[in-house]
Amino acid sequence: SHTATTCRIPVGSGSGLEVSLTLSGLSGSITNAFSYSVPVIASIDPKHVATSGGESMTIYGQYFGTTDFSPTVSVGYTTASSCAFNSNNGVINYGILECEVPAGSGKNLEVSLDLNGERSASSLRVSYDIPSVASLSPPSAVTSGALTVTLSGNNFGEIHTGTAQAG
């Protein structure tokens with residue numbers, strides 16, 4: 001037909017992409033014409049991580065595109081590092097992504113995946129481990145209070161603006 005043709009789009013990812021057609025040495029194109037499926041995060045493991053970060057998080061999902069693209073995973077507003085696809089053939093339609101969780105604190109933080117301009121619509125959440133207090137110094141004070149004490153333990157996070165209460 002002089003008005004339509006059929007062709008295959010290659011494996012990829014992205015949105016608002018240009019599509020071009022070359023026939024007998026002549027090319028035509030249309031901009032902002034094609035989008036691949038948005039990446040979908042189906043599950044994450046683990047769902048609780050240490051505030052120090054550095055733990056491996058596995059993200060399971062689909063429409064991850066190909067290994068040619070660099071994914072960006074965020075936990076809340078903090079970007080994870082060392083993200084890598086786990087694939088045997090380079091095509092990540094149903095895939096596994098391994099990332100290093102950033103240091104942080106908080107609970108019910110959204111895990112999102114940005115891939116070649118497309119952001120996953122995920123309702124999956126991760127929480128950092130709760131603080132664990134092992135000791136404090138000094139262990140006693142006068143009843144008027146207003147004494148500064150030092151708490152020692154784990155999972156305090158990097159931002160130390162919490163409150164302490166006795167009683």
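This is a predicted model: local features need pLDDT of at least 70, side-chain atom pairs count only at pLDDT 80 or more; totals for chains, interfaces and linings use all residues.
Residues are numbered from 1 along each chain as its sequence is written, and side-chain values use heavy atoms, leaving out hydrogens and water.

**Exercise 1. Find how many helices and strands the protein has.**

Step 1. Take the rule: helices (H or I, at least four residues) and strands (E, at least two) are DSSP runs, numbered from the N terminus.
Step 2. Count them: the protein has 14 strands and 0 helices.

**Exercise 2. Describe the largest nonpolar core and the elements that build it.**

Step 1. Recall that a nonpolar core is a set of buried Ala, Val, Leu, Ile, Met, Phe, Trp, Tyr and Cys residues joined through side-chain atoms within 4.5 Å. Buried means under 20% relative accessible area, exposed means over 50%, and partly exposed lies in between (1.4 Å probe, protein chains only).
Step 2. The largest core holds 18 residues, and those with the most contacts inside it include I44, L97 and V126.
Step 3. Elements giving two or more residues to this core include β3 (40-45), β5 (56-62) and β9 (94-100). The biggest share, 3 residues, comes from β10.
Step 4. Now look at L97: leaving aside residues up to four places away in sequence, its contacts (heavy atoms within 4.5 Å) include M57, I59, V73 and L113.

**Exercise 3. Locate the disulfide and describe its two ends.**

Step 1. A disulfide is a covalent bond between the sulfur atoms of two cysteines. The rule used here asks for a pair of cysteine sulfur atoms within 2.5 Å, and the count comes to 1 disulfide.
Step 2. C83 and C99 are the partners, with an S to S distance of 2.4 Å.
Step 3. C83 sits in strand β8 (residues 81-86) and C99 in strand β9, so the pair, 16 residues apart, links distant parts of the chain.
Step 4. The link of C83 and C99 is right-handed, with 120 degrees about the S-S bond.
Step 5. C99 counts as buried because its relative accessibility is 3%. C7, by comparison, is exposed, with a relative accessible area of 55%.

**Exercise 4. Is S137 buried or partly exposed, and which residues does S137 touch?**

Step 1. S137 counts as partly exposed because its relative accessibility is 46%.
Step 2. Not counting residues up to four places away in sequence, S137 touches V149 and T150.
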